[in-house]
Amino acid sequence: MTTSAARETTGNAPADEFATRAEQGELALQRCLRCEEWVWYPRPFCPGCGGRDLEWRQTSGRGTVYSFTVLRRPPRGYGDDAPYVLAYVELDEGPRLLTQLVVTGSEPVRVGLPVTAETGAAEDGSAVVRFRPS
Ligand SMILES: [Zn+2]
């Protein structure tokens, strides 16, 4: 177990809860208890029905690439990672997350590629959520 700096909170309680769960290795999303829709991104109400009774549920962490691009000229602060793949991953549960796709093997990235979530805490204390080919 590594010690890490305390993550700064955003002041947005649902976003902080998502990050805290991700640091603990969970990919958990909110789900509406009224209409059963998954809620992504984290927020205090359901965008489908306006309901405020949301619960956190762990997802399978599995999905497929819905769309992707390769960033060769990354935004400031991400230069060490370039080039890297930025992808929309459609979880098996339905929601689509914009995320980093870590590609280390020889299989080319393609739409429909099966991927698995990787969650945890970075050395600077920030939550990590990214995906790798399954
Ligand atoms: Zn709802």
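Let's begin with strand 4 and strand 5: how many bridges join them, and do they run parallel or antiparallel? Please go on from there to what surrounds them.

Analyst: Happy to. Please keep in mind that this is a predicted model. Strand 4, residues 62-71, is joined to strand 5 by eight bridges, and the two run antiparallel.

Thr-99 counts as buried because it has 20 C-beta neighbours inside 10 Å, and 20 is the number at which a residue is called buried. Setting aside residues up to four places away in sequence, Thr-99 touches Ala-87 and Val-89, as well as Val-129, Arg-130 and Phe-131. Val-129 is 30 residues away from Thr-99 along the chain, yet their C-alpha atoms are separated by 7.3 Å.

Five strands close into a barrel, in the order 4-5-6-8-7, with mixed pairing. From one strand to the next, the twist averages 50 degrees. Strand 7 and strand 8 pair in the antiparallel sense over seven bridges, and here Val-115 stands opposite Pro-133 of strand 8.

Helix 1 packs on the sheet, where it touches strand 7 and strand 8, and its direction makes about 60 degrees with that of strand 8. Phe-18, Ala-19 and Ala-22 are buried in this helix. Viewed down the axis of helix 1, its buried residues fall within an arc of 95 degrees, so they line one face of the helix. Strand 7 and strand 8 are among the elements that cover these buried residues. Following helix 1 comes Gly-25, with a positive phi near 95 degrees.

What about the interior? The largest nonpolar core has 16 residues, and those touching the most other members are Ala-22, Val-65, Val-89, Leu-101, Val-115 and Phe-131. At least two residues of this core come from each of helix 1 (13-23), strand 5 (84-91), strand 6, strand 7 (114-121) and strand 8 (127-133). Another core, of five residues, lies apart from it, and includes Leu-29, Cys-32, Cys-46 and Leu-54. In soluble globular proteins, nonpolar side chains tend to be buried together.

Finally, a word on annotation. An unreviewed UniProt entry lists residues 56-118 as "domain: ChsH2 C-terminal OB-fold". In the model, that span is 0% helix and 51% strand, and its end C-alpha atoms lie 18 Å apart.

Terms used. Residues are numbered from 1 along each chain as its sequence is written. This is a predicted model: local features need pLDDT of at least 70, side-chain atom pairs count only at pLDDT 80 or more; totals for chains, interfaces and linings use all residues. UniProt positions are given in the numbering used here, feature names are shortened, and annotations may be inferred rather than shown by experiment. Helices (H or I, at least four residues) and strands (E, at least two) are DSSP runs, numbered from the N terminus. A residue is buried if 20 or more other C-beta atoms lie within 10 Å of its own, exposed if 12 or fewer, and partly exposed in between; C-beta atoms are placed from the backbone. Two residues are in contact if their C-beta atoms, placed from the backbone, lie within 7 Å. A nonpolar core is a set of buried Ala, Val, Leu, Ile, Met, Phe, Trp, Tyr and Cys residues joined through C-beta atoms within 7 Å. Two strands pair if DSSP finds at least two bridges between them. Axes are lines fitted to C-alpha atoms, for helices over the stretch in contact, and angles run from 0 to 180 degrees between N-to-C directions. The arc is that of the directions from the helix axis to the C-beta atoms.
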